[in-house]
Amino acid sequence: MKEQVQSAEGKLGILLPGLGAVGTTLIAGVIAVNKGIAQPIGALTQMGNIRLGKRTENRYPLIKDFVPLAELSDVVFGGWDVYADNVYEAASKAKVLESSLLDAIRPELEAIVPMKAVFDKSYIKNLDGDNIKKAASKHDLALAVMNDIETFSQKNNCSRVVIVWCGSTEKYLEETDVHQSVEAFEAGLHDNDPAISPSMIYAYAALKLGVPFANGAPNLTCDIPALIQLSKETDTPISGKDFKTGQTLMKTILAPGLHARALGVRGWFSTNILGNRDGLVLDDPDNFKTKEVSKLSVLEDILQPDINPGLYGDLYHKVRINYYPPHGDNKESWDNIDIFGWLGYSMQIKINFLCRDSILAAPIVLDLALFMDLAKRANMSGIQEWLSFYFKSPQTAPGLRPEHDIFKQLIKLQNTLRHMMGEDLITHLGLDYYQDLVEAL
Ligand SMILES: NC(=O)c1ccc[n+]([C@@H]2O[C@H](COP(=O)([O-])OP(=O)(O)OC[C@H]3O[C@@H](n4cnc5c(N)ncnc54)[C@H](O)[C@@H]3O)[C@@H](O)[C@H]2O)c1
C-alpha cells in the first residue's frame, strides 16, 4: 500500500465553514507555529510519536516523519461565516487567544475574510449575521459553494483542498426519505426540502468535487446514506461527528479504566457551563438536543450494560450544558460519578475540569484536516472510522457499534498508519520475542 500513497507536494487548502472560536484559534495557531512563536501542542500529527516494530527495536519516530503529511508551511486557510468579520476580528471577539499573540500575526489574520455562508435561521435561531448567500434553491446554493471551493483553490494555487465543519450546531434532525440516496437528495436540493440543512449542502458540494469533508459538530451532515454513497462514488473520505474535547474526552479516558477493572457504575451526572457563541447556540433546546444525543451515547457504548447488567444495568447518565457568559470559552465542567466495588461497596469520583474549549478543539481540527488529506492520497474513501479518536459520536458503517474507548481508538489510528506504510501491525502480544529475551538472560 505504501507505494500507493501519493506525496504531499504543493499547497493544501483547509476550508472551514464557521470561522468562530475554534476555527480562528486553529488558524491563528498554525500561523504562529509557522512563525516560530508557538508550539502545536495537542496535535498528534505535529508532536505525537508512533512505535514501530518490536519494543526491543526502540523505533519511535514522530508521526509526521513516518507518514507523508502536508507541511504546516504549505497550508492555506479560508472559510465561510454568517458574520463578515475577518479572522483577526473574529478571533478578537472570541477571546480565546491573548491580544498580544493576535497582534503579532494581525496582517495574516486580517487577510482571511469569510466567504458568504449558506445559512438558514430555521436551523440555528440564535445567530443573526448577514454575510449570507441568496439563491433560488438549495441546489443553486450547493453550486455556489462548489464555485467558492474552486475559486479559492485556483487563487491560492492549491493542489488539494479539505473541509472541516467548524460551524455552529444545527437543530436536531432525523433521517428522512430525502437522505436515503443521492438521487433523492439531489431532488430534495431542487425542491428545497427542509430536511436538508446548510451543513449538508456544504458536505454535498465538497463530495461532488472529491474534497474530503470532516464534521466537527453533532449535526447529521454527512452521516446519511445519500452522502455516504456519494463519498464512495467520488472516492472521497468523510468523517464525523462532533469533536471530542472537554468533558467527553475525560469520560472516554476514565470509563474504559473503570470498565477494565470490572468496577460498577451506578450513575454519572455531567454538567457544564460555558459562555461562548457555541454556548449561546446550545442554549436553544432544539440545538441542545443534537448535542445531547451525541454526548449520551458515549458511556453506554463503553460500558455495554446489555452485556454486563450486574455492573452497568442500572446506570443513570445525565448531561447538562448551561450558557453562562462570564466564563466565555473557558468551559467548566463537573462530573459526579457513583461507582461500586468489591461486595457492592459504593465510592464516588468528582471531576472539576476547568478547560479551554477551543484550545482543546483546534489541534483536533488540524489533525483531521491533515489525516483526511492523507486518506485521500492513500485512495481511502467513504467513512474513515480510524479517525474515531477525534469524535464524540464517531461515524461508522450502518449497524456497526461505534468504538468510544479512546485507547482502542488510538490503537486503530496507529495501526491504520502502520498498515498504510507497510509496517507490521502491533497487537501488544509480544510472546514471539519475549521468550527469546528470557532465554538470552
Ligand atoms: N470547542 C469545542 O470544544 C467543541 C467541541 C465539540 C464540538 N464543537 C463544535 O464545533 C463548532 C464550532 O464551535 P465554536 O466554539 O467555534 O463555535 P462558534 O459559535 O464560536 O463558531 C461557529 C461559527 O459558525 C458560524 N456558522 C454557523 N452556521 C454557519 C453556516 N451555515 N455557514 C458558515 N458559518 C456558520 C457562526 O456564525 C460562528 O461564527 C460548534 O458546532 C461546536 O458545537 C466544539
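A residue is called buried if 20 or more other C-beta atoms lie within 10 Å of its own, exposed if 12 or fewer, and partly exposed in between, with the C-beta atoms placed from the backbone. Residues are numbered from 1 along each chain as its sequence is written. The model is predicted: local features need pLDDT of at least 70 and side-chain atom pairs count only at pLDDT 80 or more, while totals for chains, interfaces and linings use all residues.

**Whole chain**

Begin with the entire protein in cartoon view. It contains 17 helices and 11 strands; these are DSSP runs numbered from the N terminus, helices being H or I of at least four residues and strands E of at least two. The radius of gyration is 22 Å, close to the 22 Å that the globule rule gives for 441 residues, so the protein is as compact as a globular protein of that length. That radius is taken over C-alpha atoms, and the rule is 2.2 Å times the number of residues to the power 0.38. Along the principal axes, the C-alpha trace spans about 70 × 50 × 50 Å. Of the 441 residues, 46% count as buried.

Contacts are used from here on: two residues are in contact if their C-beta atoms, placed from the backbone, lie within 7 Å. Among contacts between residues at least 6 apart in sequence, 77% join residues at least 24 apart.

**The two domains**

Colour 2-243 + 358-420 as domain 1 and 247-354 as domain 2. These bounds come from an automatic or database domain assignment. The C-alpha centres of domain 1 and domain 2 are 26 Å apart. Across the boundary, 28 residues of domain 1 are in contact with 27 residues of domain 2. On the domain 1 side, helix 15 (357-377) and helix 16 (406-420) are the elements that give two or more residues. That side divides into 11 nonpolar, 8 polar and 9 charged residues. Here Ala, Val, Leu, Ile, Met, Phe, Trp, Tyr, Cys and Pro count as nonpolar, Asp, Glu, Lys and Arg as charged, and the others, Gly among them, as polar.

**Helix 15**

Select helix 15 next. Its 21 residues should span 30 Å at 1.5 Å a residue, and its end C-alpha atoms are 31 Å apart, which agrees. The expected span is 1.5 Å times one less than the number of residues. After the helix comes N379, with a positive phi near 60 degrees.

**Helix 11**

Move to helix 11 (246-260). Helix 11 has 15 residues and reaches 22 Å from its first C-alpha to its last, close to the expected 21 Å. Its buried residues are G246, Q247, T248, K251, T252, A255 and L258. Among the elements that cover them are strand 9 (332-340), strand 10 (346-354), helix 15 and helix 16. Just after helix 11, A262 takes a positive phi of about 55 degrees.

**Backbone details in the loops**

Most residues other than glycine have a negative phi, and most peptide bonds are trans.

- K241 lies in the loop between strand 6 (237-239) and helix 11; the peptide bond from G240 to K241 is cis, with omega near -10 degrees.
- K95, between helix 4 (87-94) and helix 5 (99-104), has a positive phi of about 55 degrees and is partly exposed, with 15 other C-beta atoms within 10 Å.
- Q304, between helix 13 (285-303) and helix 14 (309-312), has a positive phi near 50 degrees and is partly exposed, with 14 other C-beta atoms within 10 Å.
- P40, between helix 1 and helix 2 (44-47), is buried, with 20 other C-beta atoms within 10 Å. Its contacts include P363 and L366.

Notes: Lists of a residue's contacts leave out its neighbours within four places in sequence.
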